Amino acid sequence: MSSMPESGFLNQVRQEAETACRQVLEQAHLKPGDLFVVGCSSSEILGEKIGTHSSLEAATAAFTGISAVLSENGIFLAAQCCEHLNRALIVEREAMEHYDLEQVNVIPQVDHAGGAFATAAWSKFNHPVAVESLEAKASAGMDIGATLIGMHIHPVVVPVRIAQKKIGNAILICARRRPKYVGGQRAIYDEKLM
């Protein structure tokens, strides 16, 4: 585990995560009850290689910024675990039941398996549970530091380009779902769903 990041940096991470989440929601047109997936490398936030310098403090700062925005909009957060847990996810029990997801028995750990962001979610959620998969039911998400979240978002997954490009030192990639286009060249599409 790396040394404790400075409080000014942690505040910056929280603010950047909050700003980014608001920007995604502006474009993704989510509604209350939707699922929003976040994969986050705290090592990358600190400017280190993914999986090498986990920081519960940096992850908690990002979690705090994101969860505040999602909570005020009634959107469920799914925190992706690391590859050692096969990218299982930590969600509130209510989300698991709402989406009929399969619970698995694991508690994420910062340095062992799960990662700092999932560990932060486990400690901050009211009734945390681990689920094996979202079954591609998420409507949007944020990938902080190249953690690969696309598998959790309902097809068709499209990029969301926002002004916030990084959280800390981690590259930020955002995505949302859109309904599939059908009907070929004669079809007319609803611009609000594009």
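**Exercise 1. Identify which residues have the most contacts inside the largest nonpolar core, and which elements build this core.**

Solution. A nonpolar core is a set of buried Ala, Val, Leu, Ile, Met, Phe, Trp, Tyr and Cys residues joined through side-chain atoms within 4.5 Å; buried means under 20% relative accessible area, exposed over 50%, partly exposed in between (1.4 Å probe, protein chains only). The largest such core in this predicted model has 45 residues, and Phe36, Ile66, Met142 and Ile144 have the most contacts inside it. Two or more residues each come from helix H1 (7-28), S1, H3, S2, H5, S6 and strand S9 (170-177). Helices (H or I, at least four residues) and strands (E, at least two) are DSSP runs, numbered from the N terminus. Apart from this core lies another, of 17 residues, including Leu89 and Val129.

The model is predicted: local features need pLDDT of at least 70, side-chain atom pairs count only at pLDDT 80 or more, and totals for chains, interfaces and linings use all residues. Residues are numbered from 1 along each chain as its sequence is written, and side-chain values use heavy atoms, with hydrogens and water left out.

**Exercise 2. Determine which residues of helix H5 are buried and what covers them.**

Solution. In H5 (residues 116-124), the buried residues are Ala116, Phe117, Ala118, Thr119, Ala120 and Ala121. Their cover, judged by contact (heavy atoms within 4.5 Å), includes strand S1 (35-40), helix H2 (42-45) and helix H3 (56-72).

**Exercise 3. Describe the backbone at Ala146 and at Val156.**

Solution. Ala146, in the loop between S6 and S7, has a positive phi near 60°. Ala146 is exposed, with a relative accessible area of 57%. Val156 also has its place in the loop between strand S6 (140-144) and strand S7 (157-160); a cis peptide bond joins Pro155 to Val156, with omega about 10°.
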